[in-house]
Amino acid sequence: MTKKEILQLLENRFQLEMIRIFREEFEEKEGKSGVLERIDRLLDEINELKKKLETFDNN
């Protein structure tokens, strides 16, 4: 896993935490379905990067 991928993973986790903290505000701006879509995209990216990290750790 590259440094860039690790930084992206950390950024995605940070964004999820910000969504959790400010969920009501995000829902006002993007709607509930918009927030859920954003969360799903971030979780997909996190899972993909975690899989890459696991294969990196196994080598």
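The model is a predicted one. Its largest nonpolar core has eight residues, and the elements that give two or more residues to this core are helix 1 (3-21) and helix 2 (23-58). On the charged side, the count comes to six salt bridges, and three of these pairs are described below.

**Nonpolar core**

- The eight residues of the largest nonpolar core are Leu9, Leu16, Ile19, Val35, Ile39, Leu42, Ile46 and Leu49.
- Helix 1, spanning 3-21, and helix 2, spanning 23-58, are the elements that each contribute two or more residues to this core, and the largest share, five residues, comes from helix 2.
- As general background, nonpolar side chains in soluble globular proteins tend to be buried together.
- Ile46, a member of the core, is in contact with Leu9, Asn12, Arg13 and Leu16 when its neighbours within four places in sequence are left aside.

**Arg13**

- Arg13 is found in helix 1, and when residues up to four places away in sequence are not counted, Arg13 touches Ile46 and Lys50.
- The C-alpha atoms of Arg13 and Leu43 are separated by 8.4 Å, although these two residues are 30 residues apart along the chain.

**Nonpolar surface patch**

- Ile6, Leu7 and Leu10 form a nonpolar patch on the surface, and together these three residues have about 270 Å² of accessible area.
- Leu7, one of the patch residues, has its place in helix 1 and is partly exposed, with a relative accessible area of 49%.

- Glu17 forms a salt bridge with Arg20, in which the closest N and O atoms are 2.5 Å apart.
- Because Glu17 and Arg20 are three residues apart in helix 1, about one helical turn separates them.
- Within this pair, Glu17 is partly exposed at a relative accessible area of 33%, whereas Arg20, at 56% relative accessibility, counts as exposed.

- Glu27 forms a salt bridge with Arg23, the closest N and O atoms here being 2.9 Å apart.
- The two partners, Glu27 and Arg23, are four residues apart in helix 2 and are therefore separated by about one helical turn.
- Glu27 is partly exposed, with a relative accessible area of 25%, and Arg23 likewise counts as partly exposed, at 32% relative accessibility.
- Lys52 and Glu48 both lie in helix 2, where they are four residues apart, or about one turn of the helix.
- Lys52 has a relative accessible area of 33% and is partly exposed, while Glu48, at 48% relative accessibility, also counts as partly exposed.

**Salt-bridge network**

- Glu5, Glu48 and Lys52 are linked in a network of salt bridges, and two of its members, Lys52 and Glu48, lie in helix 2.

How values were computed. Residues are numbered from 1 along each chain as its sequence is written. This is a predicted model: local features need pLDDT of at least 70, side-chain atom pairs count only at pLDDT 80 or more; totals for chains, interfaces and linings use all residues. Side-chain values use heavy atoms; hydrogens and water are left out. A nonpolar core is a set of buried Ala, Val, Leu, Ile, Met, Phe, Trp, Tyr and Cys residues joined through side-chain atoms within 4.5 Å. Buried means under 20% relative accessible area, exposed over 50%, partly exposed in between (1.4 Å probe, protein chains only). Contact means heavy atoms within 4.5 Å. Patches are made of residues with over 30% relative accessible area and no salt bridge: like charges are joined within 9 Å, nonpolar side chains (Val, Leu, Ile, Met, Phe, Trp, Tyr) within 5 Å. Accessible areas come from the Shrake-Rupley method with a 1.4 Å probe; for residues, only the protein chains shown count as cover. A salt bridge is a side-chain nitrogen of Lys or Arg within 4 Å of a carboxyl oxygen of Asp or Glu.
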